[in-house]
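User: I would like to learn how to read a model like this one. Please take me through it feature by feature.

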Number of protein chains: 2
Amino acid sequence: MGGRREEVLDAALAIADEAGLDAVSMRAVADRLGVTPMALYRHVDGKDALLDGLVGRVLAGLLPADGGKELPWGERLRALAYACREATLRHPWSAQLLFSRPAVTLDAVRVVELVFTALLDAGVPEHEVPRLERLVSTFVIGFAVSEAAGRFGPGRIDTRSRRAGFGEGELPAHQRLAPWLDLPLDVAAEFDADLADLERLIEAAARR
Amino acid sequence: MGGRREEVLDAALAIADEAGLDAVSMRAVADRLGVTPMALYRHVDGKDALLDGLVGRVLAGLLPADGGKELPWGERLRALAYACREATLRHPWSAQLLFSRPAVTLDAVRVVELVFTALLDAGVPEHEVPRLERLVSTFVIGFAVSEAAGRFGPGRIDTRSRRAGFGEGELPAHQRLAPWLDLPLDVAAEFDADLADLERLIEAAARR
DNA sequence: TGTATACGTCTACACTGTAGACCCATGGGA
DNA sequence: TCCCATGGGTCTACAGTGTAGACGTATACA
């Protein structure tokens, strides 16, 4: 019962992976199932609900196979963060959805539960745990979305603005940092460094 | 010259503020200007370019009126963060765009320049400045987007998942934290606390 | 006078999501 | 045996969408 719904989501997910999120239309999904567009409405409440279902799929993929209960809290947190980044790299379209469709599904709650226990194990006082969970997950999702959307790519200024031009001396900090700005960006390494910083932030909060 | 382009963006921005981002269609913008949809294409390359223009507008609003050069770096950073949050609260639709359209415009570069100088003034070693800028801005934008999208709202699990139900004992951390989870969330205070944590993170990086 | 340039119009096409009415096979009471 | 509820699917139709292409016109400068 309801197994047909999963088939619909499967089809939508396949289309998104192959041709991007814009290609996911009711008609396209229906075609892939060899069915009329209107037939989908038996299994999904509409296009928005379909997209919600897609983010549910992605989130479900974040849960670790084993509980991994025996690992130290820092590693458990990193594993979740890596899983999140990998999911958005595997399904770049999902980045557009993670923030804009804050559907709190059962799988999402399970992920939050893991973060909660990690923070508690780190010794964070209980009243600070929810805030730090939001802080960490906001950053991790933001990072994944930024990467998938190309926000970390080379800073390409659109030509009109460049012509409207800025005097060379107008951006002194940029010029001073130019050597480091020109370096190719190792996103994975940056992600690691960021997570290390966040771990220290959590430890500091635990000490208070 | 090109002043007409600004009028087009003005119209689009007004529509977005009044009726949401979905209401921004070429036809709607054209109607508001008393003009045919196709007339817009003289001033804007297409719908995507129009949306890019909108994020440019929002970003331009982030720049402080005065340079505020004399303030300590922490306050300058906070001012930018507040401005970002306020912009997305004033124009909730922009949250959907900030991450998904990473258009690096001149105004965006100016904002980054301010963050760079703040971090340099804080004593962060030059090679770490670009990374920390990305870390901070990723979080700040992520926070603003989350708030505007309702991700921080009360955790409403959709009924299907709830019925698919989870044993009461399956989420121990949630139960342990229930007292704090039930509290109404003071988003502004949380933002403050997060920024304070980030400031400490930056100071720690400066000490290394 | 001629000719760019900026601006706008009209028509048309290929799509989109979805409301409403109708159909048909299956299976379990009466 | 009849009935009919249920899950699945179809067809038609509508109001919107973004935009390609060809055409018109008014100002401004040579």
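**Reading the DNA surface and the packing**

Analyst: This is a predicted model. By class, the surface near DNA strand D has seven nonpolar, three polar and four charged residues.

User: Which residues come nearest to DNA strand D?

Analyst: There are 14 residues around DNA strand D, and those that come nearest are A:Thr36, A:Met38, B:Ser25, B:Met26 and B:Lys47.

User: Which element gives the largest share of the surface near DNA strand D?

Analyst: Helix α2 (residues 26-32) of chain B does, with three residues.

User: Now the helices. What describes two packed helices?

Analyst: The angle between their axes and the distance between the axes describe them. Take helix α6 (residues 106-121) and helix α7 (residues 129-149), both of chain A: they pack at an angle of about 120°, and their axes are 10 Å apart.

User: How are α6(A) and α7(A) oriented to each other: roughly parallel, roughly antiparallel, roughly perpendicular or oblique?

Analyst: At that angle α6(A) and α7(A) are oblique to each other. Their crossing is right-handed.

User: Which residues meet there?

Analyst: From α6(A) come A:Val112, A:Val115, A:Phe116, A:Leu119 and A:Leu120; they meet A:Val129, A:Leu132, A:Glu133, A:Val136 and A:Ser137 in α7(A). Sorted by class, this contact of α6(A) with α7(A) has eight nonpolar, one polar and one charged residues.

User: How do the axes of helix α4 (residues 73-90) of chain A and α6(A) cross?

Analyst: The axes of α4(A) and α6(A) cross at roughly 155° and come within 9 Å. Angles over 145 degrees count as roughly antiparallel, and α4(A) and α6(A) are therefore roughly antiparallel to each other. α4(A) passes α6(A) in a left-handed crossing.

User: Which residues make the contact of α4(A) and α6(A)?

Analyst: α4(A) brings A:Trp73, A:Arg76, A:Leu77 and A:Leu80, while α6(A) brings A:Val111, A:Leu114, A:Val115, A:Ala118 and A:Asp121. The residues of this contact of α4(A) with α6(A) divide into seven nonpolar, no polar and two charged. A:Val115 is listed in the contact of α6(A) with α7(A) and in that of α4(A) with α6(A).

Methods:
Residues are numbered from 1 along each chain as its sequence is written. Chains are lettered from A and ligands numbered from 1 in the order in which they are written. This is a predicted model: local features need pLDDT of at least 70, side-chain atom pairs count only at pLDDT 80 or more; totals for chains, interfaces and linings use all residues. A residue is near a molecule or strand if its C-beta atom, placed from the backbone, lies within 6 Å of it. Helices (H or I, at least four residues) and strands (E, at least two) are DSSP runs, numbered from the N terminus. Ala, Val, Leu, Ile, Met, Phe, Trp, Tyr, Cys and Pro count as nonpolar, Asp, Glu, Lys and Arg as charged, and the others, Gly among them, as polar. Axes are lines fitted to C-alpha atoms, for helices over the stretch in contact, and angles run from 0 to 180 degrees between N-to-C directions. Angles under 35 degrees count as roughly parallel, over 145 as roughly antiparallel, 65 to 115 as roughly perpendicular and the rest as oblique. A crossing is left-handed if the near helix is turned anticlockwise from the far one by less than a right angle, and right-handed if clockwise. Two residues are in contact if their C-beta atoms, placed from the backbone, lie within 7 Å.
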